[in-house]
Amino acid sequence: MTSSAGTPRALLSVNGLRKLYPVGRKLLGRFGRTQPAMLHAVDGVSFAIERGETIGLVGESGCGKSTLARLIARLIDPTAGMIWFDGADISTMPARKFARSEWRADIQMVFQEATDSINPRFTAARAIADPLIRLRDLRAAALRVRVEEVARLTGLPAELLVRFPHQLSGGQKARVGIARAIAVEPRLLILDEPTSALDVSVQTVILKLLHELKQRLALSYLFVSHDLNVVRLLCDRVLVMYLGRIIESGPAVQLFAAPAHPYTQALLSALPNPGARRTRIALAGEPRSPIDPDPHICRLYGRCPRATDLCRKVAPLLQQIAAGRLVACHHPVDEMAAAGP
Amino acid sequence: MAWPPPDSRMAPLLAVEDLLVEFHTRSGTVRALDGVSFDLRHGEMMALVGESGSGKSVTAYAILGILDTAARISGRVVFDGRELLSAGEKAMGAVRGSKLAIIFQNPRTALNPIRPIGKQIADVLARHGNVTAAQAQRLGVEMLAKVRIPDPKRRAAAYPFELSGGMCQRVMIAMALACEPALLIADEPTTGLDITTQAAIMGLIAELVASRNMAMLLITHDLALAAQYCNRIAVMHAGHLVELAPTRLLFATPRHPYTANLIAAAPGEGAGLDRLSAIPGTIPDLRRGDLPACRYSERCERVTPDCRTGPLLRLDTADGRRVACRHPL
């Protein structure tokens, strides 16, 4: 059983994590007094990643999944909440300082667009060497040996190491991004849409590479993606995010077979399906504004086909409905409610 | 101007014959399309599927006559009884946007950023329909309502940056359908959109296309999406149309090795990672002087020497399929 706080031995555990961004000011009552309006990008998120686990984080654009990934990678500072990595609190250290800390090598990230995330003036070898120089203080021969070793691990031919990003194909750039991230032997790898820019034939190769690397290097993954089919393939457990909150989590197999949250259900039913057997559950309208959302209204209210009066009076909290399965909904989809505790 | 009426409903609405497109660039001649032939009947929905660089968009742009001037084009594109490649820019201008419309891939860059969306739709109507400016404005708002943009009257005054990606794509659809075209080309209409938005947009396009008996050419890299909405699928690879078949047959019994690999590589329900197969190699550089006759031959497991030396064989089978392969499955 996995509670929201995770087991004490969890590799990473996150509790009540929030990230708010100020966006202009809003009027407060009369007399023209104002206070900053806040965009709630990540709003009270708790979960854990066990050792050797691959967690999928899914949701639509703007739901805060990339912000959550960046918080955990400690590229940005949280507004509130705790991040524990291997028993140590890493949430209080400023991001700038974290970049030079002992933890930096432990948590590495593979970015969304390989093209934009590799310095265009660095060769592949120089890009992979960068974290080794900064974090492992490798130089000269030792550096070259390690770069070549990592290139081999990620299936990057040695003769391509002298090339610049623009001379590499999409798949090769993806390999450079992965090689650079695993070069310093991280324990947690955060993958932010690693295959979204790739063609389907290349995507398969990269997914297989990631799967193989995880076994070989005993890695744990946080896999951020909007592609549910890819998440289904790679992940043990899935977190579904909507407007800054996790609204459902559970083992991938169960969650895909019987989604409990109406949003998860709608998301899965929107997958293109050649047989078209499934009926699509459409969500009406557009998402609510993430700017100062009313804490008493369910974030899906207004789009949800199952909504009642209760949903706009009390926002639902994550609750366990079965072993390892959490749902934030007053009216979860029936089959699951029946199979609940 | 007088538009020649289709002599019969049996004649295809669009016939592309032996289309060849080359771009002369400083680094050599890019053979972007070679011998592409297919046709599309009235009211039919067909998909053009392939990986990036396979020539899907070039095919669409060639049909619309909006390729770069550096392009050398040969072959025939017959639309509604008229040859378009030899038609002058003036004649094309009359067809484009009225009888033949396109939804571009990225609505944010395709829309004019400094003109209200209602005006942009009205522009299309004023250019092609016999309407006054005031009527065009009113019809523009009606079109926004038809693509289910809430509060269309107010939204007509909005600029593209004020709308979400999904809403911008709805505006593109409204523009494309404003003059009731006979053929709609949808070039990756949902790439970059969220999956729920994708489902809503594709549902909307399919509904509008079907209700007006329009034909649609859907260009996509997503086989599953193509299969859900189209009766026939044409698979492209490196500027060749390698297989064309009714959707069900294509999935049940792919004949071209590339099609089979493409289907096997797409993650979907039930398939584990170990069951997914990768397609070896990459699309060949189309600037190469020594391109083999079959451009898939260098990635193909069924290759024999004559695949390279050619010529490329195109087989038409009795069940309405076309395969460009010497050793089909």
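Let's start where the two chains meet: 7 residue pairs are in polar contact across the interface of chain A and chain B, both residues at pLDDT 80 or more. A polar contact here is a pair of N or O atoms within 3.5 Å; within protein, one must be able to donate a hydrogen and the other to accept it, and residues adjacent in sequence count only if both atoms are side-chain atoms. Keep in mind that this is a predicted model, where local features need pLDDT of at least 70, side-chain atom pairs count only at pLDDT 80 or more, and totals for chains, interfaces and linings use all residues. Residues are numbered from 1 along each chain as its sequence is written, chains are lettered from A in the order in which they are written, and side-chain values use heavy atoms, with hydrogens and water left out.

Now turn to strand β9 of chain A, residues 237-242, where 6 of 6 residues are buried (under 20% relative accessible area, 1.4 Å probe, protein chains only). Both faces are covered, with A:Leu239 among the buried residues on one side and A:Val240 among those on the other. A:Val240 is also the bridge partner of A:Val58, and β3(A) runs parallel to β9(A), joined by 4 bridges. (Strands pair if DSSP finds at least two bridges between them.) β10(A) runs antiparallel to β9(A), with 6 bridges, and A:Tyr242 sits opposite A:Arg245.

Note on methods. Buried means under 20% relative accessible area, exposed over 50%, partly exposed in between (1.4 Å probe, protein chains only). Helices (H or I, at least four residues) and strands (E, at least two) are DSSP runs, numbered from the N terminus.
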